[in-house]
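The points can be checked against the coordinates.

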Amino acid sequence: MTSMGGIQENEDEKLILSLPKEKPWAQPYDLYLFQNFWCPGIHIQAVNRFQKYFEAVKDSDVVVASFPKSGTIWIKALTFSIANHHRFSPLENHPLLTTNPHELVPFLEFSFGGNIQDQILHLSNMTEPRIFGTHTPFTSLPKSIKESNCKLVYICRDPFDNFVSAWNYFNKVKPMSLPALTMEEAFEKYCNGIMDYGPWWSHMLGYWNESIANPNKVLFLKYEDLKEDTNFHVKRIAEFLGCPFTQKEESSGVIQSIIKLCSFENMKDLEVNKSGKIGRGGIEKKDFFRKGEKGDWVNYFTPSMQEKLSAIVEEKLSGSGLSFKKCS
């Protein structure tokens, strides 16, 4: 008798063989065009199972969605702290002091990599509010998420800084056996939308359009806005999640304490994030923290690169209402 897992694996293999593929950014896997986005070959099975088996969505669930290298670890830390601010004080014994944000807010896609029944049982036993992460585009999220009353907090980043962050990151975490990806090669791929979970423009627009159509379902944030006025957006996230800060909490500095706890500088300096590996690929925790700045692209872009990417941003986002302030 063939197990459900065995049948699923055979189906996954057939699916992968049928898809168009491209070379990734200095990684040991191919990218496959799956449901109109470039899915890493090592993630297709997980995304496919996530879509099929994540059915028991709770209205209290929160899904933190992002395009890779857009401030994912920061928004995970903030969302976890905000949603749990009645349970954990940011000043003492907070889980973020001893646990990496990716462990506190696990990626939903990877929750279905092992035994499916065990994973479903594990998810059902998680403390509420359950907070998950995802890189999956909105259009490819399970129906259960899209049709439930759970909340989605989405963060995107200016494509210029997003590209620089991604190029640095993928070269940093690449296997020693693979050559580094030149900036020219990476830029060509990025301009064509070829990157893990890309194209970046359709990823952003999927969540952007849903945030306009259903603002109580999707909160759309920009990394740059969050950096510019973190206090305002922390309060905005809390209100969106239905756990606003009281006047007493505001005046006693709870918001500022959360901001400080989740700040890039503090997170990078915590012992828990300085050593050890995490995730399916065994990535060094310290590799998730580089600069955390906005406008760093000016140190990398040539005038022709700036002109080319500006034209693509204009073309792809034209008429959507989504735009980014020009850094200089």
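Is lysine 308 buried, partly exposed or exposed? Lysine 308 counts as partly exposed, at 34% relative accessibility (buried is under 20% relative accessible area, exposed over 50%, partly exposed in between, with a 1.4 Å probe and protein chains only).

1. Basis. The model is predicted: local features need pLDDT of at least 70, side-chain atom pairs count only at pLDDT 80 or more, and totals for chains, interfaces and linings use all residues. Residues are numbered from 1 along each chain as its sequence is written, and side-chain values use heavy atoms, with hydrogens and water left out.

2. Total. The whole structure holds 8 salt bridges (a side-chain nitrogen of Lys or Arg within 4 Å of a carboxyl oxygen of Asp or Glu).

3. Lysine 58 and glutamate 128. Their closest N and O atoms are 3.2 Å apart. Because lysine 58 sits in the loop between helix 2 (44-53) and strand 4 (62-66), and glutamate 128 in the loop between helix 5 (116-124) and strand 5 (131-134), the pair ties together parts 70 residues apart in sequence. Helices (H or I, at least four residues) and strands (E, at least two) are DSSP runs, numbered from the N terminus. Lysine 58 is partly exposed at 23%, and glutamate 128 is partly exposed at 44%.

4. Glutamate 188 and lysine 308. This salt bridge has an N to O distance of 3.3 Å. It links helix 8 (residues 183-191), which holds glutamate 188, to helix 15 (residues 303-317), which holds lysine 308, 120 residues apart. Glutamate 188 is partly exposed, at 39% relative accessibility.

5. Glutamate 315 and lysine 316. These side chains form a salt bridge at 3.8 Å, N to O. Glutamate 315 is exposed at 53%, whereas lysine 316 is partly exposed at 29%.
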